[in-house]
Amino acid sequence: MSKFVTVTLSELGKTITGKTPSSESPKDFGNEIPFITPPDFIYQKYISRPERFLSPEGCRKLSGKLLSPSSIMVNCIGSIGKIAMTKVSSITNQQINAIIVSDVYSPEYVFYTLRNSYKIFRNAAGGSTVLPLLNKTDFDFLQVRIHKNKKDQEIIAAVLSTLDAKIECNNRINAELEAMAKTLYDYWFVQFEFPDHNGQPYKSSGGKMVDNTTLKREIPAGWRDGTLDNLGQISGGSTPSTKNPQNFTTNGTPWITPKDLSDNQGNKFITRGAQDVSDEGIKDACLKIYPTGTVLLSSRAPVGYMAIAQGELTTNQGFKSFVPTSGYSTPFIYYTVKNTLKAITQYASGSTFMEISGAVLKTVKICLPDSQNVKLYTHAVESIFKRQDLLEQENQHLAQLRDWLLPMLMNGQVTVL
């Protein structure tokens, strides 16, 4: 007798399509119930802290859309097939179809089943190639093959959940490390409270401040105004001709696109993207290979995604990359650019999509500290960056192991005793 049964998604539990409160009711938003939208689907199993929340009034109006903890959410417009679970009671917008899983099934098992079957969502989508969509009726009747026995479901889910739990633990550690490094940068280079010659906070201890007419504010004596161009060499990328398949390979030089950075959100470093380029492709597009430690900034579609090169790589034309060549370290460049993102996006322009040119980017004004404080800061955060790098690499290996096990556990090739 088969251990498997085929069911529709609607048979797994109650299915719900979310809804967005009216823009005419700003009081519907607050800090009560998580309001989950597709941008919150940065890969993580659970979503509990989205960008927006609803107020008690907003929750009351949409009470029929409330999802219980451990519901399964599937993005069904645009980037179809992204899947996550609710950590707490939540409401989604209309781009997401969700399943409140019946007690007959293991919610985590259903989550992993749908992750393993994500292609069914894309294959069933209608709409346009630009904006594909999967309506609720079609969603309800999609079929998946699952283990009949709930105990088997729970055992399989436990194995995969252990790997995801370790990944989430590493992410929490990295988030705390990131807060430490960023707070120290702000304390030293934004608030000007770097250690003075007595080891005391410079500005609050009476350190000399001078008026800078270019920056239109006071800065510490000995510091100067400059632009992002002072940080290092700013370079763009390009795309080899897609008419020649020999320009691309599966094991060449990593070639990064803005989409790769979008998929990499939540990480500080990046190793490679969806495609590599061959030596022939590098020559075809006159690509420059950037060294480890290069700071990548997406300059179009969209503007503002960032990462640090974990090894040698190259990029397409959607980037302006900062190669540390002027004595400023990767950590200092990374946070200085991140600290100017608001100004950078304000300078962006374009009719089809927003973009900032290299020429304009090089004119963005910044405050440049003395070299000694840059060296002290770099030394202070060096161990943090190394630890973050190691944890991200560990997560890559754990994710690869999880994704390797997932289909084999689901189709019965591998069993857990």
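Student: Quick one to start: is Glu 108 buried, partly exposed or exposed, and why?
Tutor: Glu 108 counts as partly exposed because its relative accessibility is 23%. Buried means under 20% relative accessible area and exposed means over 50%, with partly exposed in between (1.4 Å probe, protein chains only). Bear in mind that this is a predicted model, where local features need pLDDT of at least 70, side-chain atom pairs count only at pLDDT 80 or more, and totals for chains, interfaces and linings use all residues. Residues are numbered from 1 along each chain as its sequence is written, and side-chain values use heavy atoms, with hydrogens and water left out.

Student: Thanks! Which residue does Glu 108 form a salt bridge with?
Tutor: That's Lys 45, and the closest N and O atoms are 3.1 Å apart. A salt bridge here is a side-chain nitrogen of Lys or Arg within 4 Å of a carboxyl oxygen of Asp or Glu.

Student: Is Lys 45 buried or exposed?
Tutor: Lys 45 counts as buried, at 2% relative accessibility.

Student: How many salt bridges are there by this rule?
Tutor: The count comes to 14.

Student: What does Asp 403 form a salt bridge with?
Tutor: Its partner is Arg 115, with the closest N and O atoms 3.9 Å apart. Asp 403 is in helix 11 (residues 371-411) and Arg 115 is in helix 2, 288 residues apart. Asp 403 itself is partly exposed, at 37% relative accessibility.

Student: What about Arg 300, which residue is its salt-bridge partner?
Tutor: Arg 300 pairs with Glu 355, and the closest N and O atoms are 3.7 Å apart. Arg 300 lies in the loop between strand 21 (295-299) and strand 22 (303-309), and Glu 355 in the loop between helix 9 (341-347) and helix 10 (358-361), so the pair ties together parts 55 residues apart in sequence. Both count as partly exposed: Arg 300 at 21% and Glu 355 at 27%.

Student: Which residues do salt bridges with shared partners join into one network?
Tutor: Arg 115, Asp 164, Arg 402 and Asp 403.

Student: Switching to strands: do strand 4 and strand 7 run parallel or antiparallel?
Tutor: They run parallel, with two bridges joining strand 4 to strand 7 (residues 83-86). Two strands pair if DSSP finds at least two bridges between them. Ile 47 has Thr 86 in strand 7 as its bridge partner.

Student: And how many bridges join strand 6 to strand 7?
Tutor: Three, and strand 6 (residues 72-75) runs antiparallel to strand 7. There, Val 74 has Ile 83 as its bridge partner.

Technical notes. Helix = DSSP H or I, 4+ residues; strand = E, 2+ residues; numbered from the N terminus.
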